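Student: I have a model open and some questions about it. Can we go through them one by one?

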Amino acid sequence: MSEPDAAPAGSAPAPSNLMMRILAALVLAPLAIALAYAGGWLWALLVTLVSIGLFAEWLMVVGASSVALTGAGTIVIAIMGFCVTFGALRTAVITGLIGGAIVMLIARGKFVWAATGFAYASVALLASILVRKDLVNGFSALMFVLLVVWATDIGGYFAGRSIGGPKLWPRVSPKKTWSGALGGFGASLAVAAGFAACGIGKAVPLLLVSAVLSVVSQLGDLFESAVKRRFGVKDSSHLIPGHGGLMDRLDGFVAAILAAWIIGFLRHGVHSAGSGLMVW
């Protein structure tokens, strides 16, 4: 999620925009948490629909949107979601590889950008479902990632607005400041400390993991900002009041959930990635 325009120290966030953000969060956050808790096909359905939306928005941002391309990607992502939900991960991966080739053929001159968008949406799909599928620690791992990303966003928002200061990377994202980046990073550590205080994982490993995920989340934000700047687009869409589109809201989460799954996979394997992330 992009940080708002930097303001002088001590200034307050714009009330209208802040109110829209709060109202949207009050609706979307409980829904995401409820479906994450339910797990199974309900969580997978949400993730699949969101991944389809990410792909469609990406195509619009890079100027490659068409009925054929969006339709092909939608069908392939839906099949992948169904396969991984019901235990056919290998089939999901093969389907994704074939689907990526089809997307590239349809996109023609924009095949690199279309393929990148398809990979972006597919990564979000597979990692989000696989982390949750861990029967022991899937929910706690998913909540840890979500809360770290949300804390990074919220901490960055308020630190950037209240402190301001030097820009983080003005060429890519002129709105982001170093104070916002550090504020978000600090807020993510508070999430790790909270989990450890509740007996969910050990403090030192969780602090290190949250630090990695917070940094990766902010890099995901910068990546999306770079893509939008490359094509002269401000928001990926206007789907979510106060936040823009799905890409604007989930840029950090996509990067963080991929990093979380990689950490979990390297430690405990494909089907226990949640435990690999949380149990040290």
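Tutor: Start with Y120. This is a predicted model. The relative accessible area of Y120 is 10%. Buried means under 20%, so Y120 is buried.

Student: Is W58 buried or exposed?

Tutor: Its relative accessibility is 1%. The cut-off for buried is under 20%. W58 therefore counts as buried.

Student: How many aromatic pairs are there?

Tutor: Ring centres must lie within 6.5 Å to pair. By this rule the count is eleven aromatic pairs.

Student: Why does the pair of W58 and Y120 tie together parts that are apart in sequence?

Tutor: Look at where each residue lies. W58 is in helix 2 and Y120 is in helix 5. The pair therefore ties together parts of the chain separated in sequence by 62 residues.

Student: Which residues form one aromatic cluster with W58 and Y120?

Tutor: The cluster has both W58 and Y120 in it.

Student: What kind of aromatic pair do F144 and F195 form?

Tutor: The centre-to-centre distance is 5.1 Å, with 80° between the planes. An angle over 60 degrees counts as edge-to-face. The F144 and F195 pair is therefore edge-to-face.

Student: How many residues apart are F144 and F195?

Tutor: F144 sits in helix 6, and F195 in helix 7. Both residues are buried. Their pair links distant parts of the chain, 51 residues apart.

Student: What is the volume of the largest pocket, and which residues are the closest to its centre?

Tutor: The volume of the largest pocket is about 840 Å³. The lining has 34 residues. The closest to the centre are L28, A29, W150, R249 and L250.

Student: Which element gives the largest share of the lining of the largest pocket?

Tutor: Helices 1, 2, 5, 6 and 9 each give two or more residues to that lining. The largest share is nine residues. It comes from helix 1.

Student: Where is S217, and what is it in contact with beyond its neighbours within four places in sequence?

Tutor: S217 is in helix 8, residues 203-230. S217 is buried, at a relative accessible area of 2%. Leaving aside neighbours within four places in sequence, S217 is in contact with V149, T152, G252 and A256.

Student: What is the phi of R108?

Tutor: R108 lies in the loop between helix 4 and helix 5. R108 is exposed, with 68% relative accessible area. Most residues other than glycine have a negative phi. R108 is not a glycine, yet its phi is positive, at about 55°.

Student: How many disulfides does a search of the whole structure find?

Tutor: C83 is buried at 11% relative accessibility, whereas C198 is exposed at 62%. A disulfide needs two cysteine sulfur atoms within 2.5 Å. The number of disulfides found in the whole structure is zero.

Note on methods: Residues are numbered from 1 along each chain as its sequence is written. This is a predicted model: local features need pLDDT of at least 70, side-chain atom pairs count only at pLDDT 80 or more; totals for chains, interfaces and linings use all residues. Side-chain values use heavy atoms; hydrogens and water are left out. Buried means under 20% relative accessible area, exposed over 50%, partly exposed in between (1.4 Å probe, protein chains only). On a 1 Å grid over the protein atoms alone, a cavity is a set of points where a 1.4 Å probe fits but cannot get out, and a pocket is an open set with protein on both sides within 12 Å along at least five of seven lines; lining residues have an atom within 4 Å of a point. Grid points are joined across faces, edges and corners, and a volume is the space filled by probe spheres set on the points. Contact means heavy atoms within 4.5 Å. Rings of Phe, Tyr and Trp (its six-membered ring) pair if their centres lie within 6.5 Å; planes under 30 degrees apart count as stacked, over 60 as edge-to-face and the rest as tilted.
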